[in-house]
Amino acid sequence: MHQVRLQIKGSDVARYSYSIHMQISAVLQSWSKPKNYPLFIRSVPIQNELKFHYTVHTSLDVVEEKISAVGKAMADQRELYLGLLYPTEDYKVYGYVTNSKVKFVIVVDSSNTSLRDNEIRSMFRKLHNSFTDVMCNPFYNPGDTIQSKAFDSIVSAMMVQAS
Amino acid sequence: MADEALFQFLHNEVIQYIYKSSEHGEMENGRCITKLENMGFRVGQGLIERFTKDTARFKDELDVMKFICKDFWTCVFKKQIDNLRTNHQGIYVLQDNKFRLLTQLSAGKQYLEHAPKVRKHNGGKLTCQALFIPGQLSPHEWFSLPLSLQYLAFTCGLVRGGLSNLGVKSIVTAEVSVMPACKFQVMIQKM
């Protein structure tokens, strides 16, 4: 957690505490390898990373539930963006599934209320676009962990922007 | 359109290259066809990722096949599949009456005259189904296969790769009856 002290003219001292807990991960449902293993995980800050891994893993169940519900629901459920999966006490988890069964999960700190739905949607779109670029790279084998620098830099830029 | 010609030339050269660089022993096993099919597979995976970026989620298998027949075929070959048939039990037949990659090949009988030698496969129809099972074809049969089947291997892989990325495991084979019409048979594998 970063703490910034701001001295305002007068006697008031305002203290802002600013936490940038956020994690982005891409999870692939693959047919040859074990299902739902992660292709890419990045979080800021790095402590408590294990807690994020756990949150992402449990949220996969909710994602599966939502996908399988599509069959029964009508056209408005056919969007790729899944929205807020479920709010835990500290974090908000958002999900997005592509047509090729790759799941993106973003975990954001609840105290960071400045991120609106539209911004999350645009983050997912950017992730999807750069994942498509990774997929089209002939040197990338589908199912490997993502090691592309371009993908990395897009994710880092998003984390910085969101904080 | 200039960009169509580019891909056709490249495709022809790839086939020539694979056959020239293979040894005599390899040709008997159908490895060349497998190589072409695997190339198509990887390309299909990438293409599908790009084409389905903005489409809605697919409802079921039939939806996926319709997407392949319409949007996917249009993006790659600038036309749609002319006929889709299914037995609703996992077998789909995609018929293209004027397959782009075959239009430049001669429609004459010279490439089909060896058909009687492969007649025992499937009662007179030329299929490359046996090629995906290594060792099933004897050298005699291999050399009597028409050249047109080599030109379909890449596209079979393309379809298989696209389907695999959409979560559908399948085997895709191709059949030529009258040039330049061809049929692709997709057999869905249940997991």
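Predicted model: local features only at pLDDT ≥ 70, side-chain atom pairs only at ≥ 80, totals over all residues.
Figure 1. Ring pairs join B:Trp73, B:Phe77, B:Phe99 and B:Phe184 into a cluster.

**Figure 2. The tilted pair B:Phe7 and B:Phe154.** The ring centres of B:Phe7 and B:Phe154 are 6.0 Å apart. Their planes meet at 50°, so the pair is classed as tilted, given that planes under 30 degrees apart count as stacked and those over 60 as edge-to-face. The two residues belong to distant parts of the chain, 147 residues apart: B:Phe7 lies in helix α1 (residues 2-21) of chain B, and B:Phe154 in helix α6 (residues 150-165) of chain B. With a relative accessible area of 30%, B:Phe7 is partly exposed. B:Phe154, at 9% relative accessibility, counts as buried, because the class requires a value under 20%.

**Figure 3. The edge-to-face pair B:Trp73 and B:Phe184.** This aromatic pair has a centre-to-centre distance of 5.5 Å and an angle of 65° between the planes. The pair links distant parts of the chain, 111 residues apart. B:Trp73 is located in helix α4 (residues 61-77) of chain B, while B:Phe184 is located in strand β4 (residues 182-188) of chain B. The relative accessible area of B:Trp73 is 0%, and the residue is buried. B:Phe184 likewise counts as buried, at 0% relative accessibility. Both B:Trp73 and B:Phe184 are members of the cluster in the opening view.

**Figure 4. The salt bridge between A:Asp133 and B:Arg50.** The closest N and O atoms of A:Asp133 and B:Arg50 are 2.9 Å apart. The pair is a salt bridge because this separation falls within the 4 Å limit for a side-chain nitrogen of Lys or Arg and a carboxyl oxygen of Asp or Glu. Across the interface of chain A and chain B, the rule finds 1 salt bridge. Helix α2 (residues 117-136) of chain A supplies 8 residues, the largest share of the side of chain A that touches chain B.

**Figure 5. The contact between chain A and chain B.** Chain A contributes 23 residues to the contact and chain B contributes 19 residues. The area buried between the two chains is about 2000 Å², with carbon and sulfur atoms giving 48% of this area. Between chain A and chain B, 6 residue pairs are in polar contact, both residues being at pLDDT 80 or more. By class, the side of chain A that touches chain B comprises 10 nonpolar, 8 polar and 5 charged residues.

Key: Residues numbered from 1 in each chain as written. Chains lettered and ligands numbered in written order. Heavy atoms only, no water. Contact = heavy atoms within 4.5 Å. Buried area = accessible area lost by both parts, 1.4 Å probe. Polar contact = N/O pair within 3.5 Å; in protein donor to acceptor, adjacent residues only side chain to side chain. Helix = DSSP H or I, 4+ residues; strand = E, 2+ residues; numbered from the N terminus. Nonpolar A, V, L, I, M, F, W, Y, C, P; charged D, E, K, R; others polar. Phe/Tyr/Trp six-rings, centres within 6.5 Å; stacked < 30°, edge-to-face > 60°. Buried < 20%, exposed > 50% of the residue type's maximum accessible area, 1.4 Å probe, protein only.
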